[in-house]
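Work through the exercises below with the sequence and the model at hand. Each task is followed by its solution.

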Amino acid sequence: MNANALVEVEQLGFHFKTRSVFHGLDLRLAPGLTWLRGRNGRGKTTLLKLLGGALAPSGGSIRLGGLDSRRDALAYRGHSFYCGGEAPDLDWLRTDEWLDLHLSLYPGADMSVLQAGLDGFHIGEIARQLVAGLSLGQYKKLQLALALALQVRLLLIDEPFNGLDAQAIELLQDALARREAARDCCIVLTSHLPLRVAPTCVLDLDGQAGVL
Amino acid sequence: MIHAYTRFRITLTLKSLAQLVARLRSSGEIVLLALGPAILGLLGCVALPPMFAASYPLFPALGLLLLHAALMTLPAALLLPRLLPAQVRAWLYPLPVPSGLLLRTSMLVAGLLVAPLALAYIGSLAIWMAQGQRPDWLLPGRAIGATLLSLLLTWAATSGLLYRAALLPPAPRMRTLQPGAATYAPHPRPGWPMLWYRLFWLPLWRRGSLAGPRQALLLAGTLIAIALWMAGPALLPKVGGAVLASVLLVLLVHEADDALRTQLARLQTATARLPLDPRVLGRRARLSLLAGLALPPSLLTVAGLAAQAWGHPAGRLYLALAWSVAPLLVMTPSFTPRGRMGLVAFSIMLLCAIGSKV
């Protein structure tokens with residue numbers, strides 16, 4: 001438990017049609033890097049989506065700096081960004097259109113960080129390519145370059161190292177280390193691979209009360 | 001015993017056709033209801049071209065039959081991306097399928113596609129042959145032979161198309177890359193026009209979507225039909241113009257509304273994680289669609305004023321209904337598909353009935 005918690009989850013409940021995932025889950029997440037761990041099927045991605053406002057809890061509450069994920073849904077989602085999913089859901093857009101759309105919905109993004117991310121990931125020249133035509137790694141890099149540039153308070157990154165080349169993994173680890181040191185937002189990251197950067201907090205769903 | 005590859009291709013074809021039928025079902029039902037007798041009449045005449053070709057000497061007749069078979073193969077050629085989707089071709093292509101099996105499978109699948117045409121030919125031939133007074137040019141033996149030859153040519157051409165499609169490697173995925181790699185220059189433009197363009201306009205035209213071209217064709221057809229109706233050329237009876245304009249107007253609204261509802265459903269997952277209110281998004285998208293759909297009634301109003309069509313009560317009633325169709329269909333919440341089809345069919349019949357009095 002953390003006194004300067006940015007994200008407060010209280011008595012969270014969530015059920016799929018076929019099974020229950022969370023019941024009475026309590027969490028406090030502080031600014032910095034939280035490494036979310038757990039076996040396959042424990043609900044890591046589901047928890048990230050719940051924290052990002054993409055899924056609605058069936059019980060309990062999630063608050064981000066006082067904003068309730070259900071009551072203040074739009075403001076909540078404006079301050080959080082979920083970076084995950086391997087298939088683009090806006091697959092008719094070109095890469096530049098996809099980026100522009102997100103930048104217009106999340107004002108105040110750091111354009112120099114975005115450009116550095118695109119260049120560093122070597123995806124600076126795919127602007128006119130459809131996101132549906134990108135490889136798994138390219139799409140992941142695109143999402144990460146955007147995510148790291150956004151001025152959000154809660155950044156949710158699902159399995160960022162899957163499909164990335166060695167150089168991109170290095171770049172991402174460096175960027176995460178900088179953000180962890182700055183403690184300017186709460187980053188929740190899932191990964192089955194060990195992190196080079198020391199996380200602020202490790203949250204293991206295998207031993208967490210409230211995880212079914 | 002059917003080979004597993006052949007069985008798969010048959011299942012794939014039947015599923016693709018079922019999907020297509022489901023996609024066109026509501027529009028098809030409307031067209032059948034409104035233009036049923038005309039379509040039955042057209043079906044009765046489906047074997048007319050080969051029968052007529054048979055009345056010519058051998059070589060011109062063969063040329064006409066080849067042309068007719070090519071035209072009859074066109075639907076299969078247009079449906080090819082659905083019958084053998086690119087993502088299926090991508091993993092089907094490397095399979096070690098002998099060319100003989102590929103050819104037999106293609107012929108069998110082509111047979112499935114051509115079977116409804118064969119039934120239509122049988123019906124059409126029966127109608128023409130059973131007539132007490134046949135036209136002079138109709139020579140029964142040659143007409144039947146020519147129709148059969150046209151059908152066989154269509155089957156062979158369709159088989160060839162399917163065989164070639166299964167034999168060739170799929171087009172590379174990276175064809176979406178525009179000429180010359182381009183660096184990203186940010187142009188984030190907040191506001192509704194940008195959102196509408198990216199979330200509702202672009203999907204109509206990209207990734208093989210036919211919704212945009214279909215709506216463009218329907219819009220052009222509706223505007224031309226309205227202009228023709230109001231201009232009243234000697235070749236087109238006034239009632240014909242009214243019926244054509246009414247049917248196209250309602251089909252345009254139905255098609256555009258259907259595409260919007262589909263896109264809103266498609267956006268649900270994406271918008272759930274973005275700072276976008278789906279209810280506000282839906283409301284604004286509907287209002288934007290209504291603004292676009294005001295074009296045909298606007299032309300109708302202006303052209304009708306010029307043609308002095310709105311002087312009578314029937315004319316004014318038609319105009320009011322023409323303006324009401326889009327708000328009625330777009331703002332009505334989704335209910336059962338059949339209920340929606342009923343509403344669309346009722347709108348068509350009402351407009352046709354009143355339009356014929358204008």
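**Exercise 1.** State in what order the elements of chain B run from the N terminus on.

Solution. Chain B runs α-α-α-α-α-α-α-α-α-α-α-α-α from the N terminus on. The count is 13 helices and zero strands, where helices (H or I, at least four residues) and strands (E, at least two) are DSSP runs numbered from the N terminus. This is a predicted model, in which local features need pLDDT of at least 70, side-chain atom pairs count only at pLDDT 80 or more, and totals for chains, interfaces and linings use all residues. Residues are numbered from 1 along each chain as its sequence is written, while chains are lettered from A and ligands numbered from 1 in the order in which they are written.

**Exercise 2.** Find what percentage of the residues of chain B count as buried.

Solution. Of 358 residues in chain B, 25% are buried, that is, 20 or more other C-beta atoms, placed from the backbone, lie within 10 Å of the residue's own. The C-alpha atoms of chain B fill a box of roughly 60 × 60 × 40 Å along the principal axes.

**Exercise 3.** Give the strand order of the open sheet in chain A and explain why one side of each edge strand is left without a neighbour.

Solution. The order is β6-β7-β8-β3-β9 in chain A, with parallel pairing; strands pair if DSSP finds at least two bridges between them. β6 (80-83) and β9 (201-204) of chain A each have a single partner strand, so one side of each lacks a neighbour in the sheet. F81(A) stands opposite L155(A) in β7(A).

Definitions and conventions
A residue is buried if 20 or more other C-beta atoms lie within 10 Å of its own, exposed if 12 or fewer, and partly exposed in between; C-beta atoms are placed from the backbone.
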